[in-house]
Amino acid sequence: MMVNLRKGISGGSGKGGGIARGAWSSICQILDKFEGYHFVQIGKRITEVVDFEESTQQHRTVVKTGVDEELDNMKRTYDGIDNLLSKVARHIAEGVPADLRSDLNVIYFPQIGFLVAMMPDEETGCAVYEGDIADPWERMFTTGNCVYYKNKEVSEMDAHFGDIYGLICDKEIEIVHELAQTVLEHEELLTSASDICGELDSLLALAQGAKTYHFARPRMTQENVIDIKGGRHPLQELTVPSYVPNGTHLVGGAGDDFPKFSEEPSGADGPSQRPYPDGSQGSATQQNENGPSMLLLTGPNYSGKSVYLKQVALIVFMAHIGSFVPADSAKIGLTDKILTRIATRETVSRIQSAFMIDLQQVSLALSLATRRSLLIIDEFGKGTESADGAGLACGVLEHLLNLGIESPKVLGATHFHGE
């Protein structure tokens with residue numbers, strides 16, 4: 001679509017779809033899902049309520065001034081609490097011996113309230129002053145350099161102000177909850193927009209990756225074949241100083257789902273078209289290729305066997321999701337499943353040995369595989385005695401080969417090999 005727009009054309013005319021399949025139609029379909037008015041209203045409401053700068057500094061959602069009068073009054077009281085504490089400290093100090101007045105302080109702790117703080121006596125560990133008979137102070141807790149008390153004055157402040165910081169937070173939570181309910185009235189719109197943005201982000205990421213790392217456009221085909229020239233592992237090649245590309249040619253069983261067309265010369269308009277059984281049009285030049293249905297790799301550890309297996313599976317998968325692939329060229333037949341026996345995931349929650357888990361993985365792969373499937377089998381049989389493991393591996397591979405026209409495409413790696 002973007003390419004057509006840069007060229008200044010719709011891309012729809014002359015291709016059987018007209019304007020309905022062009023760039024302008026695609027843009028309209030996207031814009032129809034984005035109701036601009038509602039997005040503006042949602043954004044405006046959020047901006048009116050949430051103070052993003054203060055929220056960043058306080059690591060919580062802070063509501064702006066002017067949203068709620070009660071909240072504004074509590075915040076003004078809390079902002080002026082330092083002056084209030086200084087006045088109360090001076091008032092309490094008047095009843096304290098003159099030489100101890102400088103050691104007295106009044107502080108506020110959220111959820112604890114207002115407290116009188118005094119320096120402790122080094123010998124007794126108690127404060128140097130703990131009130132008098134008329135107004136005894138109640139010790140709350142002690143830290144390394146202060147003893148904290150409740151007395152009549154601070155108790156009155158607790159009763160008057162309460163846990164003011166906690167009240168502010170509770171009120172802001174209430175306001176933010178109401179805001180969330182307002183936003184959720186447009187949940188369907190936001191979910192739809194999120195899905196579209198997510199899809200667009202994925203497509204852009206795939207396009208950017210294809211351009212940056214020189215991926216090639218795969219050719220999808222109804223033929224049951226994987227033909228890769230110069231294939232690479234998209235991640236492994238970024239972690240090594242040099243990467244040697246590898247080709248792959250696999251042909252699955254022919255089956256009897258599709259007619260076998262003989263090659264015919266193309267006319268002026270290209271190859272002639274014949275319908276598939278499902279009614280779709282296929283090229284008359286399509287014919288089943290010859291080639292192995294199984295490739296078996298052997299070699300020492302750390303020689304790249306597993307990377308090669310994963311590379312082929314990734315190329316097939318990327319081609320099916322509409323991505324370019326890390327290869328010089330790739331012809332990928334439609335694949336219904338990618339079945340793997342690569343990693344053994346052990347866990348104490350399953351009372352099974354690693355070998356039993358391997359057997360279950362292979363059993364599932366064999367039961368689900370069709371001629372359109374790709375099987376990746378890496379080091380199967382190594383979890384038991386060598387002779388038994390080799391016998392199991394050979395039995396599985398021989399079974400897959402004997403499936404004939406229903407044989408899937410198989411990539412395997414093993415240490416079990418003869419001279």
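Predicted model: local features only at pLDDT ≥ 70, side-chain atom pairs only at ≥ 80, totals over all residues.
Me: What puts the buried residues of helix 7 on the same side?
Reply: The buried residues of helix 7 (residues 152–161) are Glu153, Val154 and Met157. They cover an arc of only 90° around the axis, which places them on the same side of helix 7. Lys152, Glu156 and Ala159 are exposed on the other side. The cover over the buried residues includes helix 6 (81–93), strand 1 (105–109), strand 2 (113–118) and strand 4 (147–150).

Me: Why is the pair of Phe114 and Phe161 called tilted?
Reply: The ring centres of Phe114 and Phe161 are 5.9 Å apart, and rings pair if their centres lie within 6.5 Å. The planes stand at 50°; under 30 degrees would count as stacked and over 60 as edge-to-face, so the pair is tilted. This pair links Phe114 in strand 2 with Phe161 in helix 7, 47 residues apart.

Me: Why does Phe114 count as buried, and why does Phe161 count as partly exposed?
Reply: Phe114 has 0% relative accessibility; buried means under 20%, so Phe114 counts as buried. Phe161 has a relative accessible area of 22%, which lies between the limits of 20% and 50%, so Phe161 is partly exposed. Ring pairs link both into a cluster with Tyr78, Tyr108 and Tyr165.

Me: How do you know that Lys409 has no salt bridge?
Reply: The nearest side chain of opposite charge, Asp336, is 6.9 Å away from the buried Lys409, whereas a salt bridge requires a distance within 4 Å. The Lys409 side chain does make a polar contact with the side chain of Asn224, at 2.5 Å.

Methods
Residues numbered from 1 in each chain as written. Heavy atoms only, no water. Buried < 20%, exposed > 50% of the residue type's maximum accessible area, 1.4 Å probe, protein only. Lys, Arg positive; Asp, Glu negative; His and termini not counted. Polar contact = N/O pair within 3.5 Å; in protein donor to acceptor, adjacent residues only side chain to side chain. Helix = DSSP H or I, 4+ residues; strand = E, 2+ residues; numbered from the N terminus. Arc of directions from axis to C-beta. Contact = heavy atoms within 4.5 Å. Phe/Tyr/Trp six-rings, centres within 6.5 Å; stacked < 30°, edge-to-face > 60°.
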